[in-house]
Amino acid sequence: MVRRIVIVGCGVSGTTAAFYARKTDRASEITIVGDEVLPEYSRCGLPYAFSGIVPTMRSLIGYDEEFYEHTNRLDLKLGASVTRILPERRLVELRSKDHSSAELQYDSLILTTGASPTTLAVPGSELKGVFTIRTMNDVEGLANYLGEAKAKRVAIIGAGLIGSEMAEALLVRGVGVLQAEIVPEILPVILDPDMASIVREKGEEHGVEYHFQSSLEEILGEEGMVVGVRISGRSYDADAVIVAVRVRPNTELAKDAGILLGESGGIKTNDRMLTSASNVYAAGDCIETFDLVTRRHVFFQLATTAVRQSMVAGINAGGGEARYPGSTGVTTVKLFGLEVATLGPTTAMAEKIGAHPVSVRITGSTRLSYYPGGKDLTVKLLANQENGKLLGAQLVGEEGATLRANFASMAAHLGLTVHEFAGIETCYSPPLAPVWDPVTIAAQALLRKLRPPPAKAPGTTSTG
């Protein structure tokens, strides 16, 4: 009997799941239902297409419909939405772009419903010129509006990853930026304040006007269009507003179908990406992820996490066997000429969850001092005082942060202690890398701050 696989969502998660399901079961009938009219494209590339660094928005599209339908024999239903899941009948109901209704039977169902940006319920939020950033339509709408309004300045509410990337993109386009953040520094989810300040100072040099410990109270308008914002009691001119405060997993379909949600609010799965419903899998931004560092279930919004989960879901939905171990949350972004790369919790988060963090920060060079072209790289490492394991890494510099964060992520995946991490040998060549890598120097310094392991009693031997 031919296996019927239905995938809800045609983003990077849905597409990856479909491709791996096809590799696993060459004879299966695979249907992808996507609520956008476009096939999978790079959401992470949207700020760069908006700024013009990437030539066109359409260049972000990964595969054309021919590749889906003919090369991989996938039934692609774009501009359609699944309205209900009936797990007991192994059936989904959907509405097509022409508003007609249909039903699809499945043997395996994969939910890759993604996430949605949240808005702020403040006066003026309904005005023309208020945007969130999630889809290609969002970014194209913003670009068109800024051109029509001859915008000189945009207010961005939120200074996390999306808000910061859009701030830089606007500056590249020659548009001024006012950015408000409710906490005292930018990038609060991934960086400690002392590391974030390095990036923020670069942002200020590029022209961002930051307002910290500030909240949006009202969006000001005239004739139905944005003309300014009131932030913490003061009014500022602005021709448009971007709300970039947080995203929430799209779990309504799952919840209505009786599928369990996890502690973080995302869909709960096991390591095979199977939900609480039989033969229903889930992956990507709609689910909660096991954090290998903190051993908690959290909400990561990372393409690298999503594609690995989707690979596992696709293989298992196709009758194969695969398992997803979890994620370190390793993240990187380039802002204002700096590479920013992190993994694990910030110090504040580590303290909140009782991880007993101890940390060290050093600034080293990506090359030896006598060789031209070396760049400063600031490294902050966190360890758990109780067990000596690497707890987090934060790296900021003009070069070398991203690959070193991958190195630290491998150590976290393996559960290495700081002692083991500091002992790893790295390569050296004057044009490429120093004898003592900045990450190794930081690990050695952190090791000195950790409590030494208990001394063994005289005459005892290891039984490890």
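Good morning, colleagues. Please bear in mind throughout that we are looking at a predicted model. How many salt bridges does the structure hold? The count is 23, and I shall take you through several of them.

I begin with D75 and K77. Their side chains form a salt bridge, with a distance of 3.5 Å from N to O.

The next pair is D271 and R323, whose side chains meet in a salt bridge at 2.8 Å, N to O. This pair links distant parts of the chain, 52 residues apart. D271 lies in the loop between α7 (252–256) and β18 (280–282), while R323 lies in the loop between α8 (303–317) and β21 (331–335). With a relative accessible area of 35%, D271 is partly exposed.

Let us turn to K375 and E398. The closest N and O atoms of this salt bridge are 3.8 Å apart. Where do the two partners sit? K375 is in the loop between β23 (357–365) and β24 (376–384), and E398 is in the loop between β25 (390–397) and α10 (401–413). The two are 23 residues apart, and again the pair links distant parts of the chain. K375 is partly exposed, with a relative accessible area of 30%; E398 is also partly exposed, at 43% relative accessibility.

Finally, I draw your attention to a network. Salt bridges link D192, D194, R361 and K380 with one another in a network. Thank you for your attention.

Terms used:
Residues numbered from 1 in each chain as written. Predicted model: local features only at pLDDT ≥ 70, side-chain atom pairs only at ≥ 80, totals over all residues. Heavy atoms only, no water. Salt bridge = Lys/Arg side-chain N within 4 Å of Asp/Glu carboxyl O. Helix = DSSP H or I, 4+ residues; strand = E, 2+ residues; numbered from the N terminus. Buried < 20%, exposed > 50% of the residue type's maximum accessible area, 1.4 Å probe, protein only.
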